[in-house]
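Below is a note for a colleague who is meeting this structure for the first time. Please read the numbered points with the model open alongside.

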Amino acid sequence: MPPPPDQPTNAAGSDAAASDDDLHRRGRWLAWVVILVAAGAAVGVLQVTGGLETVPSPAPSHGAGLRTVPVGEPVDVGPATITVNGVVALSDLGEVVGPPDEGKRFIAVSATVEVIDRKTWDNLDDSLRIAGVPGITDTDPGEARLIRSSQRANSLQPGLPVDVGVIFQQPLSSPVPRTVTVTLYCWQRTETEFGEWWWEAERPCAEVTVETEDRTAETVAAPSPSPGASR
Amino acid sequence: MSRRRLLHVASGIVLILLALAAAQGLDRLRPSIAHQQGSFVRSAPTGVAVDLRLASLTVTSVRGSQTVLTPDSRYTAVTDGVFVAVRVKVVPYTEPVAFSMLEARDEAGNRFLPTTLAAQPIATGVTFQPGYGTEGEIVFEVPAESAPSLRLWAQIPAIARADTVADLPLGIRPADVAAWQASSETLVPHDLEVSP
């Protein structure tokens, strides 16, 4: 039987209710979609940022600014500590090193190096420069030698500190500097997920100002060649 | 939103978080890439060859001193530790091989590369031909306290992932180290010996 014309129809009521239900259903779906998208985004962000993993302390920021270090104080350059002990001007370093190039003298930085890395280190040459020396630019590389044997200091071992001289050559036409500024370079450690690591991207990180000891008038006694070496 | 719906949504969120936590837990149980692709470490005592897939490697003897002849054979270098000369024999199987790693390791985790203070005829990058056995010494400079736990590590492929690495104990006794330190004899590395 059709409804009286002055009463709202059940069909109209049920349409409104259905529309209301549909709206709520869509709202629920929308809420779930938002939640899932938010969860996905959160997982993505956590994956990228490392989530709640413990973050290791950042490595010391070498090279952020040069600090001035007194003579005799060790500087951690990453794979090793370098202690600058003095600077000497010399005209001769003995037979093993040989004479300086024609018209030049040696400027030698004496230092103690202790490898604190777990691996043999071979980059001392690139870890030390000098400034304030007429005739030598602050980018000229030096040549590191073991003071004990005058041999090249290019395989320094963990647990065996050594005294070294890092040698530069200055034109004789330039005066022996009263002081020399020794710049130490610090290295950044890079590590792979396989546990391998290396040191790279050296940057100036410390300066040591040293008075030069002028010993250019002295002659260095030549080391004796290998005595009676046997197999 | 009714209380029932709120409960419904909240329980959904909790379930998602629980699923994420479970996934995170499972992820932690997964072996690391280093573990999945790690090297196959093979060991052998002195005198016994170890198979490195492309060649065999044998530590034949070990000796030491505090003084070593420098590469130019004119001077000597002295150490506060000891120079350890590890004599090895390399026999490639079917093709020329070269080592990508030769180093000595101690129990503290220190890794010593062959010293530049001595001649090193057996070194990384040196090619060994198949059909021949080549014997020679590798000289390391190490602290005296490291010597007794020293082991020779060697690998042939440039990337050792999922490939063979030799880990050879050198069998150095503290008495050997004491004798080397007391000796005044200069260590002169042997020349290479090639045998068919």
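1. Two strands count as a pair if DSSP finds at least two bridges between them, and strands themselves (E, at least two residues), like helices (H or I, at least four residues), are DSSP runs numbered from the N terminus. On that basis, β1(B) pairs with strand β11 (residues 164-169) of chain B in the parallel sense, over three bridges, and Arg42(B) has Ala166(B) as its bridge partner in β11(B).

2. This is a predicted model, in which local features need pLDDT of at least 70 and side-chain atom pairs count only at pLDDT 80 or more, while totals for chains, interfaces and linings use all residues. Residues are numbered from 1 along each chain as its sequence is written, and chains are lettered from A and ligands numbered from 1 in the order in which they are written.

3. The open sheet of chain B is formed by five strands in the order β1-β11-β10-β6-β7, with mixed pairing. Because β1 (40-42) and β7 of chain B stand at the edges with a single partner strand each, one side of each lacks a neighbour in the sheet.

4. What does chain B bring to its contact with chain A? Counting residues as in contact if their C-beta atoms, placed from the backbone, lie within 7 Å, the contact takes 33 residues from chain B and 27 residues from chain A. On the side of chain B that touches chain A, β4(B) gives the most, with six residues. Val142(B), leaving aside its neighbours within four places in sequence, is in contact with residues including Gln157(A), Val84(B) and Phe112(B).

5. Chain A has one helix and nine strands, and 28% of its 231 residues count as buried. Chain A is divided into domain 1 (19-49) and domain 2 (67-214), with bounds from an automatic or database domain assignment, and the centres of these domains, taken over C-alpha atoms, are separated by 61 Å.

Terms used:
Contact = placed C-beta atoms within 7 Å. Buried ≥ 20, exposed ≤ 12 C-beta atoms within 10 Å, placed from the backbone.
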